[in-house]
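Student: I am new to this structure, and I would like to get to know it step by step. Could we look at it together?

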Amino acid sequence: MTTAAAEPKFYTSGLVRLTKPQLVGTMAGLMLTMLLAALDQTIVGTAEPRIIASLSGFDRYPWVATLYMLCSTIGVPIFASLSDRFGRKPFFMGGVVVFVVASALCGAAGNLTFIPFDGMGQLILFRGLQGLGAGMITGVLFSIVGDIFSPKE
């Protein structure tokens with residue numbers, strides 16, 4: 001005789017029970033999204049000296065990483081709290097969109113003539129925007145993991 005009480009129960013926000021395949025798919029998606037943000041920081045950190053040399057901005061070199069980290073750090077608690085009030089999905093998806101669009105804009109920095117900054121100023125601005133997207137992703141991601149694995153009865 002088997003009992004269902006021995007089987008772990010996973011819930012989203014207390015409303016819907018997740019099956020094991022849904023849980024695996026959800027966790028895989030969350031991990032891939034976090035990999036997106038982590039991989040970007042690794043790639044940009046390695047290529048940053050060459051990028052900044054092509055934009056002739058060594059005098060503003062520290063601002064690229066500093067603004068990214070500052071916006072990311074500030075964004076984590078703000079967007080995690082907002083996702084508690086207004087729902088996780090819009091903030092998580094919005095964070096991914098902001099992050100990817102800002103990544104593309106970082107790649108185009110210096111070639112955007114309609115923005116009143118020079119190439120280095122554009123890169124700094126877009127890295128700050130990218131940090132905001134990373135903060136949205138990180139804050140909401142950890143809130144989602146907390147929702148999935150918190151005991152509900």
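What follows is a set of questions and answers about this predicted model.

Student: In what order do the helices and strands run from the N terminus on?
Tutor: Good place to begin! The protein has four helices and two strands. From the N terminus on, the order of these elements is β-β-α-α-α-α.

Student: What percentage of the residues of the protein count as buried?
Tutor: A residue counts as buried when its relative accessible area is under 20%. The protein has 153 residues, and the share of them that count as buried is 36%.

Student: Leaving aside its neighbours within four places in sequence, which residues is Ile-144 in contact with?
Tutor: Ile-144 is one of the core residues that touch the most other members. Once neighbours within four places in sequence are set aside, its contacts are Leu-30, Arg-88 and Phe-92.

Student: How many residues are in the second, separate core?
Tutor: Among the members of this core are Leu-55, Val-64, Ala-109 and Ile-124. The second core is separate, and its number of residues is 11.

Student: Do the rings of Phe-79 and Phe-91 count as stacked, edge-to-face or tilted, and what is the angle between their planes?
Tutor: A search of the whole structure finds two aromatic pairs. In the pair of Phe-79 and Phe-91, the ring centres are 6.2 Å apart. Planes under 30 degrees apart count as stacked and those over 60 as edge-to-face, with the rest tilted. This pair is therefore tilted, with its planes at 45 degrees.

Student: How many residues apart in sequence are the parts that this pair of Phe-79 and Phe-91 ties together?
Tutor: Phe-79 lies in helix 2 (residues 61–86), while Phe-91 lies in helix 3 (residues 88–108). Phe-79 counts as buried at 14% relative accessibility, and Phe-91 also counts as buried, at 16%. The pair ties together parts whose separation in sequence is 12 residues.

Student: Is Ser-83 buried or exposed?
Tutor: Ser-83 is found in helix 2. Leaving aside its neighbours within four places in sequence, Ser-83 is in contact with Arg-88, Phe-91, Val-140 and Ser-143. Its relative accessibility is 2%, so Ser-83 counts as buried.

Student: How far is the backbone oxygen of Ala-80 from a polar atom of the side chain of Ser-83?
Tutor: Here we look at two atoms: the backbone oxygen of Ala-80 and a polar atom in the Ser-83 side chain. The distance between them is 2.8 Å.

Student: Which residue has its charged end over the ring of Tyr-68?
Tutor: The charged end in question lies 4.3 Å from the centre of the Tyr-68 ring. The residue that places its charged end there is Arg-127.

Student: What is the phi of Ser-56?
Tutor: Most residues other than glycine have a negative phi. Ser-56 lies in the loop between helix 1 and helix 2 and counts as exposed at 62% relative accessibility. Although Ser-56 is not a glycine, its phi is positive, at about 55 degrees.

Notes:
Residues numbered from 1 in each chain as written. Predicted model: local features only at pLDDT ≥ 70, side-chain atom pairs only at ≥ 80, totals over all residues. Heavy atoms only, no water. Phe/Tyr/Trp six-rings, centres within 6.5 Å; stacked < 30°, edge-to-face > 60°. Buried < 20%, exposed > 50% of the residue type's maximum accessible area, 1.4 Å probe, protein only. Lys NZ or Arg CZ within 6 Å of the ring centre and 35° of its normal. Core = buried A, V, L, I, M, F, W, Y, C linked by side-chain atoms within 4.5 Å. Contact = heavy atoms within 4.5 Å. Polar contact = N/O pair within 3.5 Å; in protein donor to acceptor, adjacent residues only side chain to side chain.
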